[in-house]
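Work through the exercises below with the sequence and the 3D structure in view. Try each task before reading its solution.

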Amino acid sequence: MISAGVRVPLELFYGQKIEKGWKDGLHEQFDEWLNTLEEGMEGKEGKLDEIVGEIFKMRQELTGMIAESLVEKLHSQELEQTEMVCPKCGRVLTSRDEVERTVETMVGQVKLKRPYFWCKKCSEGFYPLDEALNLSERKKQWDIQEAGASLAVEVPYEKAEELFNELTGLSMSDHTVHEIVGDLCESVDVLDVAPSVEEVERKIREVGVGKKRRPIMVLATDGVHVPTRPERAKGKREGRKKVRAKRANWEGEWKEAKGFRFYLVDGERIEHILSWHQVQSNEELKESLEKVKEAGLIPEDEVRLCNS
Ligand SMILES: [Zn+2]
(Lines give C-alpha, C1' and ligand atoms only; values in the text may rest on other atoms or scores of the structure.)
Protein backbone atom coordinates (compact mmCIF):
# COMPACT_ATOMS: atom_id res chain seq x y z
CA MET A 1 0.00 0.00 0.00
CA ILE A 2 1.16 3.47 -0.83
CA SER A 3 0.51 5.85 2.04
CA ALA A 4 -1.31 9.06 1.21
CA GLY A 5 1.66 11.20 2.14
CA VAL A 6 4.10 9.69 -0.36
CA ARG A 7 3.58 10.33 -4.02
CA VAL A 8 5.04 7.77 -6.33
CA PRO A 9 5.27 8.88 -9.95
CA LEU A 10 2.94 6.69 -11.96
CA GLU A 11 5.48 5.99 -14.72
CA LEU A 12 7.95 4.70 -12.18
CA PHE A 13 5.32 2.52 -10.57
CA TYR A 14 4.32 0.98 -13.89
CA GLY A 15 7.92 0.72 -15.00
CA GLN A 16 8.74 -1.40 -11.95
CA LYS A 17 5.69 -3.53 -12.46
CA ILE A 18 6.59 -4.30 -16.06
CA GLU A 19 10.21 -4.99 -15.12
CA LYS A 20 9.19 -7.38 -12.35
CA GLY A 21 6.75 -9.20 -14.62
CA TRP A 22 9.43 -9.61 -17.23
CA LYS A 23 11.81 -11.34 -14.85
CA ASP A 24 9.10 -13.45 -13.22
CA GLY A 25 8.24 -14.97 -16.59
CA LEU A 26 11.88 -15.72 -17.24
CA HIS A 27 12.40 -17.29 -13.85
CA GLU A 28 9.63 -19.77 -14.54
CA GLN A 29 11.14 -20.68 -17.89
CA PHE A 30 14.55 -20.98 -16.29
CA ASP A 31 13.14 -23.42 -13.71
CA GLU A 32 11.79 -25.59 -16.50
CA TRP A 33 15.10 -25.39 -18.26
CA LEU A 34 16.89 -26.55 -15.10
CA ASN A 35 14.50 -29.48 -14.79
CA THR A 36 15.31 -30.57 -18.33
CA LEU A 37 19.01 -30.19 -17.56
CA GLU A 38 18.62 -32.42 -14.49
CA GLU A 39 16.83 -35.05 -16.56
CA GLY A 40 19.62 -34.90 -19.11
CA MET A 41 22.19 -35.58 -16.39
CA GLU A 42 20.38 -38.65 -15.06
CA GLY A 43 22.43 -41.82 -15.30
CA LYS A 44 25.64 -39.91 -15.90
CA GLU A 45 28.74 -39.99 -13.74
CA GLY A 46 28.99 -36.24 -13.48
CA LYS A 47 32.35 -35.74 -15.14
CA LEU A 48 32.99 -32.14 -16.09
CA ASP A 49 32.79 -32.85 -19.81
CA GLU A 50 29.35 -34.44 -19.29
CA ILE A 51 28.13 -31.43 -17.34
CA VAL A 52 29.57 -28.98 -19.82
CA GLY A 53 28.33 -31.03 -22.76
CA GLU A 54 24.77 -31.11 -21.45
CA ILE A 55 24.73 -27.37 -20.78
CA PHE A 56 26.36 -26.65 -24.13
CA LYS A 57 23.62 -28.66 -25.87
CA MET A 58 20.86 -26.70 -24.13
CA ARG A 59 22.37 -23.27 -23.73
CA GLN A 60 20.81 -21.90 -26.92
CA GLU A 61 17.35 -22.49 -25.48
CA LEU A 62 18.22 -20.53 -22.36
CA THR A 63 19.89 -17.59 -24.05
CA GLY A 64 17.27 -17.61 -26.79
CA MET A 65 14.47 -17.21 -24.28
CA ILE A 66 16.30 -14.33 -22.62
CA ALA A 67 16.58 -12.63 -26.01
CA GLU A 68 12.87 -13.24 -26.64
CA SER A 69 11.92 -11.73 -23.30
CA LEU A 70 14.12 -8.69 -23.89
CA VAL A 71 12.48 -8.14 -27.25
CA GLU A 72 9.11 -8.18 -25.52
CA LYS A 73 10.30 -5.84 -22.78
CA LEU A 74 12.00 -3.31 -25.06
CA HIS A 75 9.57 -3.34 -27.96
CA SER A 76 6.14 -3.51 -26.38
CA GLN A 77 5.22 -0.50 -28.52
CA GLU A 78 5.94 -2.22 -31.82
CA LEU A 79 4.41 -5.46 -30.58
CA GLU A 80 1.13 -3.85 -29.59
CA GLN A 81 1.00 -1.30 -32.40
CA THR A 82 -2.36 -1.24 -34.18
CA GLU A 83 -1.82 1.72 -36.51
CA MET A 84 1.03 3.11 -38.53
CA VAL A 85 1.63 5.76 -41.15
CA CYS A 86 2.73 4.39 -44.51
CA PRO A 87 6.27 5.73 -44.98
CA LYS A 88 5.65 6.03 -48.74
CA CYS A 89 2.24 7.66 -49.12
CA GLY A 90 1.45 8.88 -45.64
CA ARG A 91 -1.85 7.03 -45.29
CA VAL A 92 -2.80 5.61 -41.92
CA LEU A 93 -2.71 1.83 -41.98
CA THR A 94 -4.45 -0.51 -39.57
CA SER A 95 -2.96 -3.83 -38.57
CA ARG A 96 -5.09 -6.83 -39.47
CA ASP A 97 -2.80 -9.68 -38.58
CA GLU A 98 -0.14 -10.86 -36.24
CA VAL A 99 2.41 -12.87 -38.12
CA GLU A 100 4.84 -15.33 -36.59
CA ARG A 101 8.47 -15.47 -37.56
CA THR A 102 11.41 -17.32 -36.01
CA VAL A 103 14.91 -16.00 -36.55
CA GLU A 104 18.21 -17.70 -35.75
CA THR A 105 21.00 -15.93 -33.87
CA MET A 106 24.24 -16.88 -32.17
CA VAL A 107 22.35 -17.05 -28.87
CA GLY A 108 19.58 -19.24 -30.23
CA GLN A 109 16.23 -19.03 -31.93
CA VAL A 110 14.06 -16.01 -31.30
CA LYS A 111 10.36 -16.38 -31.97
CA LEU A 112 8.50 -13.22 -32.88
CA LYS A 113 4.80 -12.62 -33.24
CA ARG A 114 4.34 -9.14 -34.58
CA PRO A 115 1.71 -6.98 -36.26
CA TYR A 116 1.71 -6.70 -40.01
CA PHE A 117 0.55 -3.66 -41.96
CA TRP A 118 -0.40 -3.61 -45.60
CA CYS A 119 -0.72 -0.50 -47.76
CA LYS A 120 -3.12 -1.17 -50.61
CA LYS A 121 -2.15 1.95 -52.47
CA CYS A 122 1.60 1.23 -52.43
CA SER A 123 1.19 -2.56 -52.58
CA GLU A 124 3.69 -2.89 -49.79
CA GLY A 125 3.74 -4.60 -46.40
CA PHE A 126 5.45 -3.44 -43.21
CA TYR A 127 6.61 -4.97 -39.95
CA PRO A 128 7.53 -2.14 -37.55
CA LEU A 129 9.11 -4.61 -35.11
CA ASP A 130 11.49 -5.95 -37.76
CA GLU A 131 12.53 -2.38 -38.51
CA ALA A 132 13.06 -1.58 -34.83
CA LEU A 133 15.13 -4.74 -34.36
CA ASN A 134 17.06 -4.17 -37.59
CA LEU A 135 16.38 -7.75 -38.68
CA SER A 136 17.98 -9.34 -41.68
CA GLU A 137 15.45 -10.65 -44.18
CA ARG A 138 17.18 -13.98 -43.97
CA LYS A 139 16.40 -16.49 -41.25
CA LYS A 140 20.00 -16.48 -39.99
CA GLN A 141 20.64 -13.05 -38.57
CA TRP A 142 23.57 -10.69 -39.03
CA ASP A 143 25.68 -12.16 -36.21
CA ILE A 144 25.61 -15.64 -37.76
CA GLN A 145 26.14 -14.24 -41.22
CA GLU A 146 29.16 -12.23 -40.12
CA ALA A 147 30.74 -15.05 -38.12
CA GLY A 148 30.24 -17.53 -40.96
CA ALA A 149 31.57 -15.16 -43.55
CA SER A 150 34.69 -14.19 -41.63
CA LEU A 151 35.54 -17.87 -41.17
CA ALA A 152 34.93 -18.65 -44.81
CA VAL A 153 37.23 -15.86 -45.92
CA GLU A 154 40.09 -17.58 -44.08
CA VAL A 155 39.51 -21.23 -44.91
CA PRO A 156 37.70 -23.16 -47.64
CA TYR A 157 33.93 -23.22 -47.21
CA GLU A 158 33.65 -26.88 -46.20
CA LYS A 159 36.22 -26.38 -43.46
CA ALA A 160 34.52 -23.17 -42.31
CA GLU A 161 31.25 -25.07 -41.95
CA GLU A 162 32.92 -27.75 -39.87
CA LEU A 163 34.71 -25.27 -37.59
CA PHE A 164 31.61 -23.15 -37.14
CA ASN A 165 29.59 -26.15 -36.04
CA GLU A 166 32.29 -27.37 -33.68
CA LEU A 167 32.76 -24.03 -31.97
CA THR A 168 29.20 -22.77 -31.79
CA GLY A 169 27.07 -25.89 -31.91
CA LEU A 170 25.17 -24.13 -34.68
CA SER A 171 24.91 -24.95 -38.31
CA MET A 172 25.81 -22.45 -40.98
CA SER A 173 25.15 -25.02 -43.66
CA ASP A 174 22.05 -23.69 -45.18
CA HIS A 175 21.48 -22.13 -48.50
CA THR A 176 21.51 -18.56 -47.23
CA VAL A 177 24.92 -18.58 -45.56
CA HIS A 178 26.45 -20.29 -48.59
CA GLU A 179 24.89 -17.59 -50.73
CA ILE A 180 26.21 -14.76 -48.56
CA VAL A 181 29.67 -16.25 -48.47
CA GLY A 182 29.49 -16.74 -52.21
CA ASP A 183 28.56 -13.08 -52.73
CA LEU A 184 31.21 -12.01 -50.31
CA CYS A 185 33.95 -14.06 -51.90
CA GLU A 186 33.11 -12.80 -55.33
CA SER A 187 33.33 -9.23 -54.23
CA VAL A 188 36.21 -9.63 -51.78
CA ASP A 189 39.63 -9.35 -53.30
CA VAL A 190 42.91 -10.47 -51.75
CA LEU A 191 43.80 -6.79 -51.34
CA ASP A 192 40.62 -6.20 -49.31
CA VAL A 193 41.88 -8.49 -46.57
CA ALA A 194 45.53 -7.51 -46.86
CA PRO A 195 47.18 -5.20 -44.35
CA SER A 196 48.52 -1.86 -45.61
CA VAL A 197 52.07 -1.49 -46.92
CA GLU A 198 52.86 0.59 -43.82
CA GLU A 199 51.52 -2.12 -41.54
CA VAL A 200 53.68 -4.77 -43.25
CA GLU A 201 56.75 -2.55 -43.00
CA ARG A 202 56.11 -1.90 -39.33
CA LYS A 203 55.99 -5.65 -38.65
CA ILE A 204 59.21 -6.22 -40.62
CA ARG A 205 60.96 -3.47 -38.65
CA GLU A 206 59.77 -4.96 -35.35
CA VAL A 207 60.99 -8.43 -36.21
CA GLY A 208 64.30 -7.06 -37.53
CA VAL A 209 65.18 -5.01 -34.43
CA GLY A 210 68.69 -5.79 -33.16
CA LYS A 211 69.41 -8.33 -35.91
CA LYS A 212 72.10 -8.07 -38.57
CA ARG A 213 70.37 -10.13 -41.22
CA ARG A 214 67.10 -9.33 -42.90
CA PRO A 215 64.05 -11.11 -41.42
CA ILE A 216 62.77 -14.27 -43.04
CA MET A 217 59.42 -14.03 -44.73
CA VAL A 218 57.75 -17.28 -45.72
CA LEU A 219 55.28 -17.73 -48.51
CA ALA A 220 53.38 -20.93 -47.81
CA THR A 221 50.98 -22.28 -50.39
CA ASP A 222 48.62 -25.03 -49.42
CA GLY A 223 45.99 -27.16 -51.01
CA VAL A 224 43.03 -28.87 -49.47
CA HIS A 225 41.52 -31.71 -51.40
CA VAL A 226 37.81 -31.30 -51.75
CA PRO A 227 36.08 -34.20 -53.44
CA THR A 228 33.60 -33.07 -56.03
CA ARG A 229 31.66 -36.15 -56.88
CA PRO A 230 30.04 -35.97 -60.29
CA GLU A 231 26.34 -36.78 -60.65
CA ARG A 232 26.95 -40.01 -62.50
CA ALA A 233 28.98 -41.42 -59.61
CA LYS A 234 26.06 -41.02 -57.21
CA GLY A 235 23.22 -43.41 -56.56
CA LYS A 236 23.04 -47.14 -55.95
CA ARG A 237 25.22 -49.57 -57.73
CA GLU A 238 24.72 -53.26 -58.16
CA GLY A 239 27.92 -55.07 -57.41
CA ARG A 240 31.18 -54.48 -55.66
CA LYS A 241 33.18 -54.61 -58.85
CA LYS A 242 31.16 -51.85 -60.38
CA VAL A 243 31.63 -49.65 -57.32
CA ARG A 244 35.36 -50.00 -57.60
CA ALA A 245 35.37 -49.14 -61.25
CA LYS A 246 33.24 -46.05 -60.70
CA ARG A 247 35.28 -44.86 -57.75
CA ALA A 248 38.47 -44.75 -59.79
CA ASN A 249 36.55 -42.66 -62.24
CA TRP A 250 35.59 -39.82 -59.92
CA GLU A 251 38.63 -39.89 -57.73
CA GLY A 252 40.58 -38.32 -60.55
CA GLU A 253 38.15 -35.43 -60.62
CA TRP A 254 38.94 -34.10 -57.17
CA LYS A 255 39.23 -30.41 -57.20
CA GLU A 256 42.10 -28.67 -55.51
CA ALA A 257 41.21 -25.58 -53.51
CA LYS A 258 44.40 -23.71 -52.81
CA GLY A 259 45.45 -20.81 -50.75
CA PHE A 260 48.52 -19.05 -49.47
CA ARG A 261 49.92 -17.37 -46.42
CA PHE A 262 52.72 -14.88 -45.84
CA TYR A 263 54.37 -14.79 -42.45
CA LEU A 264 57.51 -13.51 -40.79
CA VAL A 265 59.69 -15.82 -38.74
CA ASP A 266 61.14 -14.33 -35.59
CA GLY A 267 63.00 -17.07 -33.77
CA GLU A 268 60.28 -19.27 -32.35
CA ARG A 269 57.58 -16.76 -33.10
CA ILE A 270 55.54 -16.38 -36.25
CA GLU A 271 54.16 -13.03 -37.25
CA HIS A 272 51.17 -13.40 -39.51
CA ILE A 273 51.05 -11.05 -42.50
CA LEU A 274 48.39 -12.19 -44.90
CA SER A 275 46.35 -15.28 -45.73
CA TRP A 276 44.10 -15.93 -48.68
CA HIS A 277 42.17 -19.06 -49.51
CA GLN A 278 39.52 -17.94 -51.94
CA VAL A 279 41.11 -19.53 -54.98
CA GLN A 280 39.86 -22.43 -57.03
CA SER A 281 42.78 -23.10 -59.34
CA ASN A 282 46.49 -22.60 -59.80
CA GLU A 283 45.73 -19.77 -62.21
CA GLU A 284 43.69 -17.93 -59.59
CA LEU A 285 46.44 -18.52 -57.07
CA LYS A 286 48.98 -16.96 -59.41
CA GLU A 287 46.71 -13.99 -60.12
CA SER A 288 46.21 -13.29 -56.42
CA LEU A 289 49.95 -13.49 -55.76
CA GLU A 290 50.55 -11.09 -58.66
CA LYS A 291 48.16 -8.61 -57.04
CA VAL A 292 50.01 -8.81 -53.74
CA LYS A 293 53.31 -8.25 -55.55
CA GLU A 294 52.02 -5.32 -57.59
CA ALA A 295 50.58 -3.65 -54.51
CA GLY A 296 54.11 -3.63 -53.07
CA LEU A 297 52.98 -5.53 -50.00
CA ILE A 298 56.06 -7.73 -49.84
CA PRO A 299 59.21 -5.56 -49.87
CA GLU A 300 61.60 -8.14 -51.27
CA ASP A 301 64.69 -6.01 -50.50
CA GLU A 302 63.89 -5.92 -46.81
CA VAL A 303 63.27 -9.60 -46.19
CA ARG A 304 64.64 -12.97 -47.14
CA LEU A 305 61.70 -14.49 -48.96
CA CYS A 306 61.36 -18.26 -48.69
CA ASN A 307 58.85 -20.75 -49.99
CA SER A 308 57.48 -23.58 -47.91
ZN1 LIG B 1 1.35 3.63 -48.87
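**Exercise 1: Lys121**

Task: Decide whether Lys121 counts as buried or exposed.

Solution. The relative accessibility of Lys121 in this predicted model is 59%. A residue is called exposed when the value is over 50%. Lys121 therefore counts as exposed. Next, locate the residue: Lys121 sits in the loop that links β4 (108-119) and β5 (124-126). Last, look at its surroundings on the surface, where Lys121 gathers with Arg91, Arg96 and Lys120 in a patch of positive charge.

**Exercise 2: Ile51**

Task: Find the element that holds Ile51, and state how Ile51 is classed by accessibility.

Solution. Ile51 belongs to helix α2, which covers residues 48-74. Its relative accessibility is 33%. Buried means under 20% and exposed means over 50%, with partly exposed in between. Ile51 therefore counts as partly exposed.

**Exercise 3: The whole protein**

Task: Describe the protein by its helices and strands, its buried share, its surface and its contacts.

Solution. Start with the elements: the protein has 11 helices and nine strands. Then take burial: of the 308 residues, 31% are buried. For the surface, the accessible area is about 20700 Å², and carbon and sulfur atoms account for 51% of that area. Finally, consider contacts between residues at least 6 apart in sequence: 63% of these join residues at least 24 apart.

Technical notes. Residues numbered from 1 in each chain as written. Predicted model: local features only at pLDDT ≥ 70, side-chain atom pairs only at ≥ 80, totals over all residues. Heavy atoms only, no water. Helix = DSSP H or I, 4+ residues; strand = E, 2+ residues; numbered from the N terminus. Buried < 20%, exposed > 50% of the residue type's maximum accessible area, 1.4 Å probe, protein only. Contact = heavy atoms within 4.5 Å. Areas by Shrake-Rupley, 256 points an atom, 1.4 Å probe, with all protein chains shown as cover. Patch = residues over 30% accessible without salt bridge, like charges linked within 9 Å, V, L, I, M, F, W, Y side chains within 5 Å. Salt bridge = Lys/Arg side-chain N within 4 Å of Asp/Glu carboxyl O. Lys, Arg positive; Asp, Glu negative; His and termini not counted. Charge placed at Lys NZ, Arg CZ, Asp CG, Glu CD.
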